[in-house]
Amino acid sequence: MWAPPSRLRASGVIGMNRRNIRYIGRYNDRRHYPLVDDKLKTKLLAQQHGITTPALIGTVTSQFEVKQVAALVAAQAGFVIKPAKGSGGKGILVIEHQDGDGYVKPSGHRLRREDLERHVSNILSGLYSLGGSPDVAVIESLIAFDETLARYTYEGVPDIRVIVFRGYPVMAMMRLSTAASDGKANLHQGAVGVGLDMASGHALRGVQHDRPRHDHPDTGHPLAGLRVSHWDTLLHLAASCYEMTALGYLGTDMVLDRDHGPMLLELNARPGLAIQMANGEGLRRRLDTVERQATGMSVAQRVAFARRHFARHGELQDAGGRLAREEADA
Amino acid sequence: MSRIPFYGLVGLLLLAGIALTLYRHLAFDVPWSPGEQRQVWEVEAQVNFIADGGPARVELALPVTQQGYRVLTENTASSGYGLSFLQEQGVRHAQWAIRKAAGAQRLYYSVQVLVDPRARATPAPPPVIESPVAWEPPYDTAAREIIDQAWRHSADPFTFAHRLVERFTDAQSENARLLLTQYDRATLLVRLLNQAGVAARQVSGLSLEDGRRRQHLTPWLAVFDGRERILVDPVTGRRGRPDNLLLWGAGSPAVLEVQGGSRSQVSFSMIRHNEPASVAVRNQRAEDTLLNFSIHSLPLEEQSLFKTILLIPIGALVVVILRVLVGIKTSGTFMPVLIALAFIQTSLLTGVVGFLLVVAVGLVIRSYLSYLNLLLVARVSAVIITVIAIISLFSVLAYRLGLNAGLTITFFPMIILSWTIERMSILWEEEGPREVLIQGGGSLLTAVLAFLAMNNPWVRHLTFNFIGLQLILMALILTLGNYTGYRLLELRRFKPLAED
């Protein structure tokens, strides 16, 4: 039931307290937080730095404009409405397509125009923002995610979380939404986390509710075949967020778009620790390795370093092969 | 980034806190535990006299803090008299005065005295000897002979006083009998001592015996040798002060002075009772020193306010421990502390039941409000009014059903409860009932633990009486804020990682 702390320390697992004091407290300057806490600011900043993000359809900044939401999205097939200052995926509304009767969520649930307006109104009054401060609703175009990933997800868009430490991508995972997570890619709601090999983007291992998982619970597709395409581009994208935000300990959330390749969805200055569970490995060793590196490396150098030093062999692909190897070692 | 200044600060806070706490304990005799009993004597002096019909003035010497006894509170009862307290040459007096009084008069003065082995008197200077002491013949020869005899058989002022008293006890000499016809015993002894060049004065004492009434003061001799002073019993000649002797108006020539009346007398009654030490501490008169930085120097009303305020850091410490060391999730960081404060007023069981009732009913009504499509501020305001309505309804219901405990539900912080309901409701919509149970249960658990800590009589006693504890708590919380280890619940969460 309980793991002895010494064992956890030996596996390099980082706890909440250590993350807060040793990494976030030390490497993340609080005055840079607004850049990542406000998704609209992140988006505009990313555009300046040439980082691709989902296309911005429009923003709603006052209750007065709420009635114009329908007109704003009229030309779009699918779109996403999110609060600029929301956290933990709260208040994100995904509309897959719309017709004369209303708006259809990926679950097939149908919303009327009033529902849409109420949602936007809630966002503006600060229901989803930290501390309830007034917020802005951001409307983005829907991501047309890669067909190859459709087998690994239920209703939602699978996204890729890369932890970037002092500009080095250190650990990555893919989050697959499930029926249990209500189409959301939040691990604590029941989404499946898949650890990714930093060298290749291959799946390493999967977890759901912090316990190992070998296939997707809804589609039944084995996770072993999962491989993220455009891996190098994706890592470059993640690593360049360091220059963009000046935050030393950063969680970057990305998606793979069928037409535009890897795109930055949002950034997180306080990324969670579930990525350790998905990778079956503590963050400590990798973070220590990066702390020993000199500063002033280019994005390409840092990505190359990460791909070389943080490469790992998956447990999913060849459990049999590994067994054979271990037997040979013995 | 050096941590030395941080640890320096923590160390400084700890040291200052411990020093302040020890100072309170040692200097003011504040006990560590609230259950410790202290003996308190309640002594009542009754002054009787027959007034002449004109203006009357009564002066009564009062006891002061002295070796073994600490004066706590004093009260007087005297209908129609004006009262003032005077302090003259180290002696306190109560002075009653009236324009017109006739017939039998009765005045009361009562004082609470704490038995405190560490109490010390403010040292009084030895009296100045009036020399030469005037005697009329034939008493001068008698006095000289008695002094000569006692002097020869003694070594210092104290043994001399002892020998002197002996002359007047058993086998009285002719000289002694002669002198006693002219003077009363105590006055005579003081005169003889002074004649021999020994500083001495007559003092009055009260023997404390539980339940005694109509007691009178007994005279004692205070004999000085330089700075040292001892008491000598003028009847037996025994040296030293009995433990149960309370000096009354030490140093004043007369205990009671009445002008405008006759047949005045003062009699005493006394009872002993044991009081919890905390009560005895509270009754101590605030001494006006700068170092006596104590909440007890405030008026009683503010004191009781502080009693609660000083408990909040304990609640905060519980929250810090549960979040940093255990990893419990709560809805609103310090909301549980406020709920725990409400529990103190309502008692635990009523509090928990009331909290669950209000939140449950609030959640049901809130779920309807979410259909109304309201702006956030308006919705939370509506929830506040709903909570007030629920609390009023429950109070009336409880009263009708004869459950008086239910009335205390009004002590809940309504705004905080409303926000709790709002947050839980959103949590329910977004994350489902499971997360509501986790966070709601975590909040309630934290509130109950904080309540148990804050309601502990020991904790209440310590936080209220030792202000230095606040600094120690501060140091503790700062140290916990620096903890980078695992939380207890993380040991379970990350267990799969330890198995590889």
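Predicted model: local features only at pLDDT ≥ 70, side-chain atom pairs only at ≥ 80, totals over all residues.
His230(A) sits in the loop between strand 12 and helix 7 (231-245) of chain A. His230(A) is not a glycine, yet its phi is positive, at about 55°. Most residues other than glycine have a negative phi. His230(A) is partly exposed, because it has 16 C-beta neighbours inside 10 Å, and a buried residue would need 20 or more.

His209(A) also has a positive phi, of about 50°, and is not a glycine. His209(A) belongs to the loop between strand 11 (203-208) and strand 12 (211-213) of chain A.

Now take chain A as a whole. The chain contains 11 helices and 14 strands. Of its 330 residues, 46% are buried.

Next comes the contact between the chains. Chain A gives 29 residues to this contact, and chain B gives 24 residues. Which helices of chain B each supply at least two residues of the side that touches chain A? They are helix 12 (414-431), helix 16 (488-493) and helix 17 (495-499). The side of chain B that touches chain A holds 11 nonpolar, five polar and eight charged residues.

An α-helix has 3.6 residues a turn, so residues three or four places apart point the same way.

Move on to helix 9 of chain B, residues 335-346, and helix 10 of chain B, residues 348-369. Their axes come within 7 Å and cross at roughly 125°. Helix 9 and helix 10 of chain B are therefore oblique to each other. Their crossing is right-handed. On the helix 9 side of chain B, Ile339(B), Ala342(B), Phe343(B) and Thr346(B) make the contact. Helix 10 of chain B brings Leu348(B), Thr350(B), Gly351(B), Gly354(B) and Phe355(B). By class, the residues of this contact are five nonpolar, four polar and no charged.

Helix 9 of chain B also packs on helix 13 of chain B, residues 433-455. Here the angle is about 50° and the axes are 8 Å apart. So helix 9 is oblique to helix 13 of chain B. This crossing is right-handed. From helix 9 of chain B come Met335(B), Pro336(B), Val337(B), Ile339(B), Ala340(B), Phe343(B) and Ile344(B). They meet Ser443(B), Thr446(B), Ala447(B), Ala450(B), Phe451(B), Met454(B) and Asn455(B) of helix 13 of chain B. The contact of helix 9 with helix 13 of chain B has 11 nonpolar, three polar and no charged residues.

Conventions:
Residues numbered from 1 in each chain as written. Chains lettered and ligands numbered in written order. Contact = placed C-beta atoms within 7 Å. Helix = DSSP H or I, 4+ residues; strand = E, 2+ residues; numbered from the N terminus. Nonpolar A, V, L, I, M, F, W, Y, C, P; charged D, E, K, R; others polar. Buried ≥ 20, exposed ≤ 12 C-beta atoms within 10 Å, placed from the backbone. Axes fitted to C-alpha atoms, helices over the stretch in contact; angles between N-to-C directions. Parallel < 35°, antiparallel > 145°, perpendicular 65-115°, else oblique. Left-handed = near helix turned anticlockwise from the far one by under 90°.
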